[in-house]
Amino acid sequence: MIKVIVPATSANLGVGYDCLGLALDEYATVYFEEIATGLEIIGSEEAYCNEDNLIYQAFLKGMQYLQKNCTGLRITMDTNIPYTRGLGSSATCIVAGLAGANALVGSPLNKYELFDLATQMEGHPDNIAPAIFGGLCVSFMEEGKPNMIRYGIKKDLLFVTLIPDYEVNTKAAREVLPNQMSYADATYQMGRCAALAKAMEIGNPLILRKACTDKMQEPYRKHLIPQYEEVKKLCQQQDMITMFISGSGSTMIALTQEETDAKKLIEQIQMLYPTWDCRLLHATYDG
Ligand code: HSE
């Protein structure tokens, strides 16, 4: 039996639309086992227990790429990563399926080949890179192929993960974005994105706060999360370093170095929105 462990991820981090992503210490563990015939999926919601299952689709893509066959497959999943909430669940599933296929046939593919195949399926590399390599990844596309460089993340940064009880559809959240931005806005954005990545690595709260002020996607998406402004205000009152939408939402992540403040924020959010799922997560550097 093959066992694959893939982390949840958070993309964009405010100013890094489609290029910044980091791995969090929430994991999906997926087991792959060859069986005589058919497909069995255990541990997933019933709606996903069929051939459309993304882990299975990625597994098939991996097998096809490797020109291998598998007569039957049992996939057993153990995951606490919420679906369609902006914590990279689709990237996690894609990476798990491809890694499962690769491991089943003796691991001929390296991480960069998996990165390429997974990005083809996902369409953008920002969640895929940290799901495979861990840490904070800055990704970019080069003639249709993804590349990336990895930064460290200062260990004392805490990621207070506020998960609403509703989905935001990524496709819809991409459609609300404009097609163009001005040179002035691009300059604004590039400086902040580069500063944010370094500030995450060295843990500089002042630069993190100033750099995490996005003009590229959050202003167009925040209305998809009706509580965004209220949560942002609470984060400011609780002296969080900053708060950003995780991926395309609906999850929002507040950043702090103080565990007591993180816990206070979670208490307040849970009082206001009792059906939300709030977690205190850390970045993880292991791929
Ligand atoms: N970078 C992506 C987006 C992440 O913001 O649309 C969500 O998959």
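Below are some questions and answers about this model.

This is a predicted model, in which local features need pLDDT of at least 70, side-chain atom pairs count only at pLDDT 80 or more, and totals for chains, interfaces and linings use all residues. Residues are numbered from 1 along each chain as its sequence is written.

Q: What makes up the secondary structure of the chain?
A: The chain has ten helices and ten strands. Helices (H or I, at least four residues) and strands (E, at least two) are DSSP runs, numbered from the N terminus.

Q: How do you know whether the radius of gyration of the chain agrees with that of a compact globule?
A: The radius is taken over C-alpha atoms, and the globule rule is 2.2 Å times the number of residues to the power 0.38. For 287 residues a compact globule would come near 19 Å, and the chain has 19 Å, so the two agree. Along its principal axes the C-alpha trace spans about 60 × 45 × 35 Å.

Q: Why is G43 called partly exposed?
A: G43 has 15 C-beta neighbours inside 10 Å, so the label is partly exposed. G43 lies in the loop between β3 (38–42) and α1 (54–65). As for buried residues, they make up 44% of the 287 in the chain.

Q: Which residues is G43 in contact with, leaving aside its neighbours within four places in sequence?
A: They are T76, M77 and D78. Contact is said of two residues whose C-beta atoms, placed from the backbone, lie within 7 Å.

Q: How do you know that β5 and β6 pair?
A: Two strands pair if DSSP finds at least two bridges between them. Strand β5 (residues 136–142) and strand β6 (residues 145–151) have seven bridges, in the antiparallel sense.

Q: What makes β8 and β10 edge strands?
A: The open sheet of four strands has the order β8-β9-β7-β10, with antiparallel pairing. β8 (242–245) and β10 (277–282) each pair on one side only, and they are the edge strands. From β8 to strand β9 (residues 252–256) there are four bridges, and the partner of I245 in β9 is M252.

Q: How many residues surround the ligand, and which are the closest?
A: There are 13 residues around the ligand, and the closest are A11, D18, T170, G247 and S248. A residue is near a molecule or strand if its C-beta atom, placed from the backbone, lies within 6 Å of it. The largest share of the shell, three residues, comes from α5.

Q: What kinds of residue form the shell around the ligand?
A: The shell divides into three nonpolar, seven polar and three charged residues. Here Ala, Val, Leu, Ile, Met, Phe, Trp, Tyr, Cys and Pro count as nonpolar, Asp, Glu, Lys and Arg as charged, and the others, Gly among them, as polar.

Definitions and conventions: Buried ≥ 20, exposed ≤ 12 C-beta atoms within 10 Å, placed from the backbone.
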